Amino acid sequence: MNNKRTHEFFMGEALTQAKLSFVANEVPIGAVLVYQNKIISSAHNLSLTRRDPTAHAEILSIRGAGQYLDNYRLVGCSLYVTVEPCVMCLGAIFNARISNLFFGAYESKTGACESIVNLKNNKNLNHHCTIQGGIMEKESKALLQGFFQTKRQKKP
């Protein structure tokens, strides 16, 4: 598989996870963690369902991958997430030593890679990863916009 096709495949899987969040009435964000070209963990937002502010797709996927690899360090792994991670999630990504982060839509309210805070260029942090945004951005953005549009329509 060529690189673009690989990114689209894995982001497509992350979008499938995001759709599960949408159905569960959660903000539709999905993530898959890939090691040696294989998905080893996938998750979607469950903060409301679990009553847990840390139950973001990225965090849940990282936890699953740690269990799968029997290690808290995820060196050599790539994370695909449908929306630019927040500060909490990017901190977990850096702490897990994930090698590559690929995301779909930019997040103008909480994005920590480029949008609100730019942690990817902060040289004071002891770990960085390769970060690339905008992969299947239109699809990720459309899912988010559709979710919030539905929410606004349901208000009395």
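Is Ser47 buried or exposed? Select it and see: Ser47 is buried, with a relative accessible area of 19%. That is a close call, because buried means under 20%. Keep in mind as you click around that this is a predicted model.

**Stop 1: around Ser47**

Ser47 is found in helix H2, residues 47-50. Show its contacts beyond four places in sequence and you get Glu26, Asp52, Pro53, Ala55 and His56.

**Stop 2: the sheet**

Now switch to a cartoon view and pick out the strands. They form an open sheet of 5 strands in the order E2-E1-E3-E4-E5, and the pairing is mixed. At the edges stand strand E2 (38-44) and E5; each has a single partner strand, so one side of each is left without a neighbour in the sheet. On average, neighbouring strands are turned by 15° against each other, direction ignored.

Zoom in on E1 and E3, which pair in the antiparallel sense over 5 bridges. For a landmark here, take Tyr35, which stands opposite Cys77 in E3. Then bring back helix H3: it lies across E1, E2 and E3 and runs at about 140° to E2.

**Stop 3: the nonpolar cores**

Nonpolar side chains tend to be buried together in soluble globular proteins. Here, the largest nonpolar core has 25 residues. To find its most connected members, select Leu33, Leu74, Leu90, Ile93, Ile98, Leu101 and Ile131, which have the most contacts inside it. At least two residues of this core come from each of strand E1 (30-35), helix H3 (57-69), strand E3 (77-83), helix H4 (87-95) and strand E4 (100-105). E3 gives the most, with 4 residues.

Leaving out residues up to four places away in sequence, Ile93 touches Ile62, Leu79, Pro85, Ile98, Leu101 and Cys129. There is also a second, separate core of 8 residues; include Met11, Val32, Val34 and Ile135 in your selection to locate it.

**Stop 4: down the axis of H4**

Which residues of H4 are buried? They are Cys89, Leu90, Ile93 and Phe94. Turn the view until you look down the axis of H4: these buried residues fall within an arc of 140°, so they line one face of the helix. An α-helix has 3.6 residues a turn, so residues three or four places apart point the same way. Among what covers the buried residues of H4 are H3, E3, E4 and strand E5 (130-132).

**Stop 5: the aromatic rings**

Last, show the rings; the whole structure has 6 aromatic pairs. Start with Phe22 and Phe147, an edge-to-face pair at 5.4 Å centre to centre with 75° between the planes. Phe22 lies in helix H1 (residues 3-23) and Phe147 in helix H5 (residues 137-154), so the pair ties together parts that are 125 residues apart in sequence.

Phe148 is partly exposed, with a relative accessible area of 35%. To finish, select Phe9, Phe10, Tyr80 and Phe102, which ring pairs link into a cluster.

Technical notes: Residues are numbered from 1 along each chain as its sequence is written. This is a predicted model: local features need pLDDT of at least 70, side-chain atom pairs count only at pLDDT 80 or more; totals for chains, interfaces and linings use all residues. Side-chain values use heavy atoms; hydrogens and water are left out. A nonpolar core is a set of buried Ala, Val, Leu, Ile, Met, Phe, Trp, Tyr and Cys residues joined through side-chain atoms within 4.5 Å. Buried means under 20% relative accessible area, exposed over 50%, partly exposed in between (1.4 Å probe, protein chains only). Contact means heavy atoms within 4.5 Å. Rings of Phe, Tyr and Trp (its six-membered ring) pair if their centres lie within 6.5 Å; planes under 30 degrees apart count as stacked, over 60 as edge-to-face and the rest as tilted. The arc is that of the directions from the helix axis to the C-beta atoms. Two strands pair if DSSP finds at least two bridges between them. Axes are lines fitted to C-alpha atoms, for helices over the stretch in contact, and angles run from 0 to 180 degrees between N-to-C directions.
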